[in-house]
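Good morning, everyone. Please put the sequence and the structure up on the screen. I'll walk you through the fold, one piece at a time.

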Amino acid sequence: MIFFELKPEEKSHDSHAENSHDAHGDSHDSHHGCEHPDYALLNFFNWKGIGPEGGTVHTYVEEQPWMPSFWKCSGPGSSTPMGEINMTMAFNTFIVSGILIALFKKGGQKISFIPGKIQLIAEFWVESLTDFFSAFGGEYVVRKYFGLLGAYFTFILTLNLWGVIPGFHSPTADINTTLAFAVVGVICSLVIGLKESGLKHIIHHWMGEPKPGDNLAKAIGAMLLLPLEITAQFARMVSLALRLYGNIYGGDVVLAVFVVLLADLAVKIWIPLPLQLPVVLLHILASVIQAIVFTALVSVYISGFCSHHHDEEHDHDN
Amino acid sequence: MIFGDNVDVNMIAVALAFAIPAAAAAIGQGKAISAAWDGMARQPEVSDSIGGKLIIALAFPEALGIFGLLLAILLMGKIS
């Protein structure tokens, strides 16, 4: 969730510091200097005069006194030896992964025949996820690689819903997070395919599975289909990343716009109404669906590499 | 200027960048949903399997619509 507050007056930028005595007249222009895309839409609405008179919309992550100091850099990111990273998203990711690791570690710590509460929840979660994703990737793949798929679903779902809690941000509303997930997913599917079917079967599959004597089909497959399939792996990464990122980020922006518009209404009629609640519910629905879609697509990719091997094994058995 | 003095006409491009992919994605998703629900009405016993696959199939038009939204947001950042 993108957070902001409505203030009667904005702190003027450095260039405006000299003529701060007429700040009331001039400070309205100063927030155009912020070029981060997070602020573009909010500033646009304020610029149009929507919003309370003289109000300025800006994120307040850097202004919260209770936040640790390394969390205070929101927006463009802070520079590290590895490049610029968004510390807000990184810190939120660490919190979520810490909570999940602690929860599931406790769930699997003392496995007893008569399960405790947390073990019961964990077992229910694992069992229902296995049943659900078996429809997409096949029971063999989902049971064997549940460590990857279940972790994807649980982690992405929690990260998506994390932004609904006031005070926190969804780390999946950052392209870096989702791109990392997507790259890891596609590379894992390739590695699993190499392990299960072998390089020869994958190349054969990518060439359109030509018959052994058919040299023409083999040549066409090698020249046309093989480059296409190799490009498709990169397209998979990009589309997985952008789908998740776009849904969560778009939902955040829509939510922010609704809150801005309704804050104007609330100021006018002096009654704060949570009229953005339907949008929040829609965002929660989209979060769940996107987590399902991401995991199901990764399981489909994995089973696409494993199916060949399995069909052959089946044929041999018969 | 019909949009007021401060607004760039380029904003129309931003609006179209969101609206056209959204409309196209809506048409595509409508076709998919219609076909899937026809199938479910014909054969209610496979509706679970169809419903699961429908969600996956809906993700692809959805992604194209979302690309339009992202493009619109990026363009808006450039313009304003």
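In chain A, 28% of the 318 residues are buried. Buried means that 20 or more other C-beta atoms lie within 10 Å of a residue's own; exposed means 12 or fewer, partly exposed is in between, and C-beta atoms are placed from the backbone. For chain B, 21% of its 80 residues count as buried.

A word on the source. This is a predicted model, where local features need pLDDT of at least 70, side-chain atom pairs count only at pLDDT 80 or more, and totals for chains, interfaces and linings use all residues. Residues are numbered from 1 along each chain as its sequence is written, while chains are lettered from A and ligands numbered from 1 in the order in which they are written.

Now the elements. Chain A has 10 helices and 4 strands. Helices (H or I, at least four residues) and strands (E, at least two) are DSSP runs, numbered from the N terminus. The order in chain A, from the N terminus on, is β-α-α-β-β-β-α-α-α-α-α-α-α-α. Chain B has 2 helices and 0 strands.

Next, contacts. Two residues are in contact if their C-beta atoms, placed from the backbone, lie within 7 Å. Take contacts between residues at least 6 apart in sequence. In chain A, 63% of these join residues at least 24 apart. In chain B, the figure is 82%.

Let's look at helix H4 of chain A, residues 117-137. How far apart are its end C-alpha atoms? They are 30 Å apart, which agrees with the 30 Å that its 21 residues should span at 1.5 Å a residue. The expected span is 1.5 Å times one less than the number of residues. Phe133(A), Phe136(A) and Gly137(A) in this helix are buried. After H4(A) comes Gly138(A), with a positive phi near 90°.

H4(A) has a partner. It packs against helix H6 of chain A, residues 146-162, at an angle of about 100°, with the axes 11 Å apart. So H4(A) is roughly perpendicular to H6(A), a label for angles of 65 to 115 degrees. Val126(A), Leu129(A), Thr130(A) and Phe133(A) in H4(A) meet Phe146(A), Leu149(A), Gly150(A) and Phe153(A) in H6(A).

On to the core. A nonpolar core is a set of buried Ala, Val, Leu, Ile, Met, Phe, Trp, Tyr and Cys residues joined through C-beta atoms within 7 Å. Which members of the largest core touch the most others? Among its 50 residues, they are Leu149(A) and Phe294(A). Helices that each supply at least two residues include H4 and H6 of chain A, together with H1 and H2 of chain B. H9(A) gives the largest share, 12 residues. Leaving out residues up to four places away in sequence, Phe294(A) touches Tyr152(A), Ile156(A), Leu240(A) and Leu244(A).

Leu265(A) sits in helix H9 of chain A. Why is it exposed? Because it has 12 other C-beta atoms within 10 Å. The C-alpha atoms of Leu265(A) and Tyr140(A) are 55 Å apart, and the two residues are 125 residues apart along the chain. Glu209(A) is in the loop between H8 and H9 of chain A. Its phi is positive, near 50°, and it is not a glycine. Glu209(A) counts as exposed, with 12 C-beta neighbours inside 10 Å.

Technical notes:
Axes fitted to C-alpha atoms, helices over the stretch in contact; angles between N-to-C directions. Parallel < 35°, antiparallel > 145°, perpendicular 65-115°, else oblique.
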